Every structure is written in C-alpha cells, then in structure tokens.
Amino acid sequence: MRINVATIQFEPTQFRKEENVARLLALATQAARGGARLIVMPEMATTGYCWLDRAEVAPYVETADGATSQAFAAIAREFNCFLVFGMPERDTVTDLYYNSAILVGPQGVIGVHRKTHPYISEPKWAANGDSGHQVFQTEIGNIALLICMDIHFIETARLAALGGAQIICHISNWLAERTPAPYWLTRAWENGCALIESNRWGWERGVQFSGGSCIVDSHGHLLASCDSGDRILSAELPLPEQNPQLNKRRPELYQRLMTNTFFWNPGDFFGLYGRNPLPDGKASRIAVAQFRPQDDVDANLAQIRQKAEEAKSGGAELLVLPERALTGGDGSRYALKRDDAPVQALIALAMELDIALLVGFAEQEGEQCYNSAVLVSSEGLSAHYRQIHVSDQDRHWASAGNQWVTCDLPCGRVGILLGEDLLVPEAARILALEGCDIIACPARLHSPAPMAHAGTAIPHVWPIPRGADPYHWLLPRVRAGENNVWLAFANWPAAEGESFGLSGIFGPDTFAFPRQEAKATGAKGLAVLNISTGSAGTSYPDHVVRRKDLVLMRQPHYYTALVAKPPR
C-alpha cells in the first residue's frame, strides 16, 4: 500500500491564533488539492509555543472537538483526507490544559494524543498527558501520534510499533540542533514505521527553532526534507504490511524496562543494603580499536596485543575490540572454549599490561556455539557475555544468550552488548537502568549506514553546529545520548555489505556541543577519549552519566506492552 502524504512546516505567531489557524487551513487545503491523503502540521501550531504560565495561554485553549478541529475536519470531508495538528487543549471535566495532537478525518475527530514526556516549558502551563500511546486505525493505515520530546524516549515509538502503527506522525517544536534530527530517523528505522515529521521554524521569545520537517520511510530513508521557511513537503509513502524489526525482540528479558532505577539518588539506590554500589566517580581514559580480524587466532592475538600496547601507552584503562576479534568472522569454524589457550592468553595480556580488555569471540560450549565476549583485566576474567539478539546471518551457528552482563571497573560500571544488540533499543536501555556508566559494544555492523547533513541556514548560536557533517546520523551516538552513557563502539572497518566502520567513543549528553566523542576511521585505527563519571564523594551525582536525566524522565507505567510476550 502506498499513500500520498504531506508535512507542513510553519512558523506560528504568538497571540495571533486566528491568523495562525487561517494560514494553516490554507496550507492544508493546498496540500489536499495536491492529492495528499494525510497532512501533518506542527506542535502548538495554532498558538505558538513559549507560554509563560497557565493564565497567559488560557485565552487560546479549546477542547479537542472545538472550532479549530471542526475547521480542519471540513477540509478532511471535502478532500477525503486526514489531518494532524497541534494545539493547547482544555479538558472540560478537570479544566486541565494539555499540549495535544489532534487527528481528524472525514467523520471528525478520530484521536487525541496528549504529550506524555514534557519538555522544560510544558510544566509552566500544561499537565502531563494521561492518554498513553494509542494507535488509530484508519482507511489509509494505522497511525500513531507523538509530540516533540516524546520521541527522545525509545519506549514511545516502540509502543506505537507494537500497537501495529504503520505511520508515526511526529509533531514538534524541535530546537538546538541541525534537523532532520537523528532521533527522528532512528525511531523510524528501529521500529519499521514510516515517520512524518512536522516541525516549526523561526524565533519565539529568544528560542530558535530548527525546521527540518521531513518524510521518512520505514527503512529510515529520507523521502523529502526541507530546512527553513514555511513549506509543504509531499511524498508517496510506502506502508509496511509486516514489521521484521520486531522479530528481534526478547520481551521475556525486558522486565527492567518497567522500573525507574533513577527515581531515587542513584548513589543511594544502587548501594542499598550494601549491594552493588556504583564505583566512585572519577576521570578516566578509555579506547576502542578498529581492525579486521583474520580467520587465524594467532594473527588476531598479535593484532590485539599491538592495539592493547598502543592503548596502554596512551593512558587507557579499558580497550574495547571488535566483534569476534579473537576468532575471526567465520562463525563457529574457529570457536573456542572459555578455558582454551587463546582466551587464557588474553587474560595474561591484560595482567601484563594492567589494562582491561573487552574482546569478542566465537564460543563453543558442548554442542552449542555463541557469539560472545570476555572482559579480562588484572583481576583475571572479570565478565563473560553471550549475545542476546543474534543476527539473521549468525543464526545458523550461534545460539542466543539469556543474561544481561555488567561489571564494575575503576573507570565505572560497564555493560556489555554485541553488534546486533545495539540495533534493538531495549538492550542499551536495560543496561542504562542497571546503572551503567559505559556501554561497551564489540560490533560488526553494516547498518544503519551513517547519514550526512549538508548544513543548515537556521541561525543557531554557537556552539550548535550549522555546517555540513558527514556523520550526522550515527546510531552509536544516538544510543549514547538517549541513555546518558559513554558508548565505546568497536566496529569492523568499512566494507560494502559487511560494516560501516566508524568505531568510536560517544558521549552521554545528547544536548551538549561540541560533542564529547572520538572516532576511528580507516582500515585500522584507535580512538581514545577522556571520560568522567563525576566527582568522588559527592552526596548527589554531579555528572549526567550518573544522574541520567533522560532515563529519569521515562514513564514506565505506560510500558507494559514492552514486556508482554507476542501471541503465537
């Protein structure tokens, strides 16, 4: 099924609701005449966004089925189409105000989404949304609605996908970065849902908005996008009938998603009853290596030694090496047992150099093989992980693991993932909820390929970048920021159909520029970065990696569907 869709980029003028609505009606009519069956408009498009308090916005609120919705529904009836727009909504029972998205069709109002994850401005006047994350069935497909900050959280779009959504309409007043934003592209790609993004642009009360409205297919490909200005963007959007992205999930292992481990001071929570306190905050130096393992264990050991010596000479405490760095890419052909001599050689190397090494290898135990990693240090074998989300190309030889693994080192609490795990958003989230400062991920990933950005004309203030960026959308960077962790990602070098390279260490603050990161490029490389987990002995964490601001703002009471086993 393919449908014509449109997104409208628009700059509303605060205090001029009637003019804003008239302009939106004209733009929506133009899009409908152009054949669009689904038309999406920005967050708070009818009124503007930056309201000081409830009293100031009060003259401009209305009910979800009020005059504005009826005006848009008239367009829907005339052109047999569907429209989504954002406005401040008043609840007639409670007299509470909400930042809402309204979906209207030929029969009138179909659905309402009230923003569940507020940005810093909403609590000045709006209540948190109370309607959860619904999917609305229409003749043109199953539609979910999200508003701006909602999409920062992996759980919201995942709930939409699990609810059968084919299209996510994301309306926003996005700011402080070049757009189309990596978060938008990631949510479409990782959930196998098309995404229609309608963002505002322009300037309001000292806030610069980013524009960049776009239409993204279910593979994360940009079908249309713009930079600044009032615009109508159109595209023919293919709708997925099946969603293979959801087949990778292991909901029986996701119970941690239903908890909020950062609701309390993490220094107190993780040390409760004297069990598993977080390591003291400190400055450290960690590294990742990028190289192509051979199907030759001895050659790989020599390569690992070279990289370990180089990392140690650069002051690194932890070095992460690529997936199957020890045994090569041929799966079970060179699989090793944990007590085999090459694994023992890794332990001896870590002890000799006094450096922690995370090394991927193909593991054999009895009749089964696993895609595994060992974390070795001067203490010996510190941790052992078996990949939980096995890739399609490895299923013929590798069984899936069933245990999340974390390990405390002097540089912080380290959680381990392997390659394909990083593609499943629940995996990194669970390790963040376990208190990890660092997620270390040996990988051999070829998708999603990084996407470049040509630069923006939006006049962002320094240090927000405006120029071209060859790595604007890079999945490891997104995973680090959305989970407030340092992500040490060691990939194979770039090769067509095999890997995109770009190993690196990516920082925990999604809003921080210049970015705190180091990348390795080329066939062989080493990236080293100074990191911090905050000051030792502080009564409350003084670093984002320990506070985990974005993790704290999650709303697990909506997330039950994430841990439900799919029906057979």
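Is F270 buried or exposed? In this predicted model, F270 is buried, with a relative accessible area of 9%. Buried means under 20% relative accessible area, exposed means over 50%, and partly exposed lies in between (1.4 Å probe, protein chains only). Residues are numbered from 1 along each chain as its sequence is written. Local features need pLDDT of at least 70 and side-chain atom pairs count only at pLDDT 80 or more, while totals for chains, interfaces and linings use all residues, and side-chain values use heavy atoms, with hydrogens and water left out.

Aromatic pairs were examined next. The structure holds eleven of them. Rings of Phe, Tyr and Trp (its six-membered ring) pair if their centres lie within 6.5 Å; planes under 30 degrees apart count as stacked, over 60 as edge-to-face and the rest as tilted. The ring centres of W174 and W184 are 5.4 Å apart and the planes stand at 75°, so this pair is edge-to-face. W174 lies in the loop between β8 (167–172) and α5 (182–191), and W184 lies in helix α5, so the pair ties together parts that are ten residues apart in sequence. Helices (H or I, at least four residues) and strands (E, at least two) are DSSP runs, numbered from the N terminus. W174 is buried, at a relative accessible area of 4%. W184 is buried too, at 0%.

F269 and F270 also form an edge-to-face pair, with 5.0 Å centre to centre and 90° between the planes. F269 is partly exposed, at 31% relative accessible area, whereas F270 is buried. One aromatic cluster is formed by F15, W51 and Y60.

Two arginines lie over aromatic rings. R386 lies over the face of Y370, 4.0 Å from the ring centre. The charged end of R444 sits over the ring of W492, at 4.0 Å from its centre. A charge sits over a ring if NZ of Lys or CZ of Arg is within 6 Å of the ring centre and within 35 degrees of the ring normal.

Helix α10 (residues 475–483) is mostly covered: nine of its nine residues are buried. Among them are R477, R479 and E482. N484 follows α10 and has a positive phi, near 50°.
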